[in-house]
Amino acid sequence: MEMKISERMKAFGASVFSELVAYKKAKMAQGFDIIDLSIGSPDLPPPSFVRETIAFYASQPDTYGYSLTGTSEFYDAVASYYQTEHKVQLNPNEEVVCLMGSQDGLVHLPMVFADPGDFILVPDPGYTAYATGIAMAQAEPYFMPLRKENGFLPDLREIPEEVAKRAAMMIVNFPGNPVPALATESFFQEVIEFAKRYNVIVVSDFAYSELYYEGHKPISFLSIPGAKDVGIEINSLSKSYNMAGCRIGYACGNAEILKVFSQFKSNLDYGVFLPVQKAAVAALTKGSSFCEESRNIYQSRRDLLIESLSSIGWEIERPKASMFVWAEIPDGWTSLEFVYALMDRAHVVVTPGHAFGPNGEGFVRIALVQDEERLAEAVSRIKQSGIFHLPSFS
Ligand SMILES: Cc1ncc(COP(=O)(O)O)c(C=O)c1O
């Protein structure tokens, strides 16, 4: 059979990520012990009460039908969580939509709100799902550079007028992946003004809202006056409660946006498994001390990594939030060369910054997804590899 592959599929070639995974697997097959700091999936389990809730409801005979949408119990739990955590009032009946993880929202929203050729404004570097959604909608990305000198916040004044006028959506992500930056209130106010001026829907990806350190609590976009007029926030239980494989998240905010989006979703899927929704309710209502413990674990890992890398001459800024370290690499390397050299010489895997967009070149992303012992081992191997003393490739 001669298989026809759609034009659209051409936008989904093999990614750097799959090449790295193949290389890593080949190394493992050769018997090397690989320390993988490249994946953004938490290594720790969800709280025991969450696992027990799933187990209980999964054993009930009446939880296996289509759920179709979020349950009202789930929507109430999201609304009271936002009220408690962010002082944001949400109407649970109209202002929350249940998602199969935030990815579900991020990749599908552009198909609902952008036509081919429309611009979607995305952070550069930014999380890779944004590009997927844009490609599915056959829209155009417009990269908003995140530069160190601007606190890794986009400079909206740099967006050309003709791009702004053709923009359908803007995606913002603070705390970010791969750049663990935090938004300020004044930045979000600028975003709202921009969105109103150019009629742009704002999507705030808040997947790392619970991972912050030393009291730098991330600001919910929806807590800024006027935000609900222009946008929504997407949040997830994947990182906050280590439920990444147990797919559930939600979009909340502007009711009109969510109404159209729900209509689209009702054509796509039949909702999240009810025991998972029950578990999410438990997590959102009883999970605050668990989140505190998680933050302490990530913070200790962060400190160990940053301090021990500093002791071998790799100075990296200490992130205030998220589960990632965004590390500038030594001059003379591309981020991909550096990543392969690290894998070959230290058997440590990190992610090259350019995989997240052109402005990621010169950086690697290190995920804090191993315990302190493995992180210390990774640093000791990096030290022994002598990578900082090698002549560069260029
Ligand atoms: C910034 C960001 N948003 C969204 C997601 C998707 O998370 P999930 O679909 O598990 O909620 C991720 C996952 O790594 C992420 O890093």
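What follows is a conversation that sets values against definitions.

Mentor: Gladly! This is a predicted model, in which local features need pLDDT of at least 70 and side-chain atom pairs count only at pLDDT 80 or more, while totals for chains, interfaces and linings use all residues. Residues are numbered from 1 along each chain as its sequence is written, and side-chain values use heavy atoms, with hydrogens and water left out.

Trainee: Let me start with one residue. Why is H347 called buried?

Mentor: Buried means under 20% relative accessible area, exposed means over 50%, and partly exposed lies in between, using a 1.4 Å probe and protein chains only. H347 has a relative accessible area of 16%, so it counts as buried. You will find H347 in the loop between helix 12 and strand 10 (348-349). Helices here are DSSP runs of H or I with at least four residues, strands are runs of E with at least two, and both are numbered from the N terminus.

Trainee: Which residues does H347 touch?

Mentor: Contact means heavy atoms within 4.5 Å. Leaving aside residues up to four places away in sequence, H347 touches K27, F32, D33, I34, I35, L342 and R381.

Trainee: And what makes K278 partly exposed?

Mentor: Its relative accessibility is 27%, so K278 falls into the partly exposed class. K278 sits in helix 10 and touches T53, Y57 and E73, again not counting residues up to four places away in sequence. K278 and T71 are 207 residues apart in sequence, yet their C-alpha atoms are 8.9 Å apart in space.

Trainee: How do you know that helix 2 and helix 10 are roughly antiparallel?

Mentor: Axes are lines fitted to C-alpha atoms, for helices over the stretch in contact, and angles run from 0 to 180 degrees between N-to-C directions. Under 35 degrees counts as roughly parallel, over 145 as roughly antiparallel, 65 to 115 as roughly perpendicular, and the rest as oblique. The axes of helix 2 (residues 48-58) and helix 10 (residues 274-286) come within 8 Å and cross at roughly 150°. The pair is therefore roughly antiparallel.

Trainee: Which residues meet there?

Mentor: From helix 2 come F49, V50, T53, I54, Y57 and A58, which meet P275, K278, A279, A282, A283 and K286 of helix 10. By class, this contact has nine nonpolar, one polar and two charged residues. In this scheme Ala, Val, Leu, Ile, Met, Phe, Trp, Tyr, Cys and Pro are nonpolar, Asp, Glu, Lys and Arg are charged, and the others, Gly among them, are polar.

Trainee: What makes helix 1 roughly parallel to helix 12?

Mentor: Helix 1 (residues 16-29) and helix 12 (residues 335-346) pack at an angle of about 15°, with their axes 11 Å apart. That angle makes the two helices roughly parallel. In this contact, V16, E19, L20, Y23, K24 and K27 of helix 1 meet L336, V339, Y340, M343 and D344 of helix 12. The contact has seven nonpolar, no polar and four charged residues.

Trainee: Now the strands. Why is strand 3 called largely enclosed?

Mentor: Six of the six residues of strand 3 (residues 119-124) are buried, so the rest of the structure largely encloses it. F119, L121 and P123 lie on one side and I120, V122 and D124 on the other, all of them buried.

Trainee: How do you know that strand 3 pairs with strand 4?

Mentor: Two strands pair if DSSP finds at least two bridges between them. Six bridges join strand 3 to strand 4 (residues 140-145), and the two run parallel. Within this pair, I120 stands opposite P141.

Trainee: What makes strand 2 and strand 4 edge strands?

Mentor: Seven strands form an open sheet in the order 2-8-7-6-5-3-4, with mixed pairing. Strand 2 and strand 4 each have a single partner strand, so one side of each is left without a neighbour in the sheet. Four bridges join strand 2 (residues 96-99) to strand 8, running antiparallel, with V96 opposite C252.
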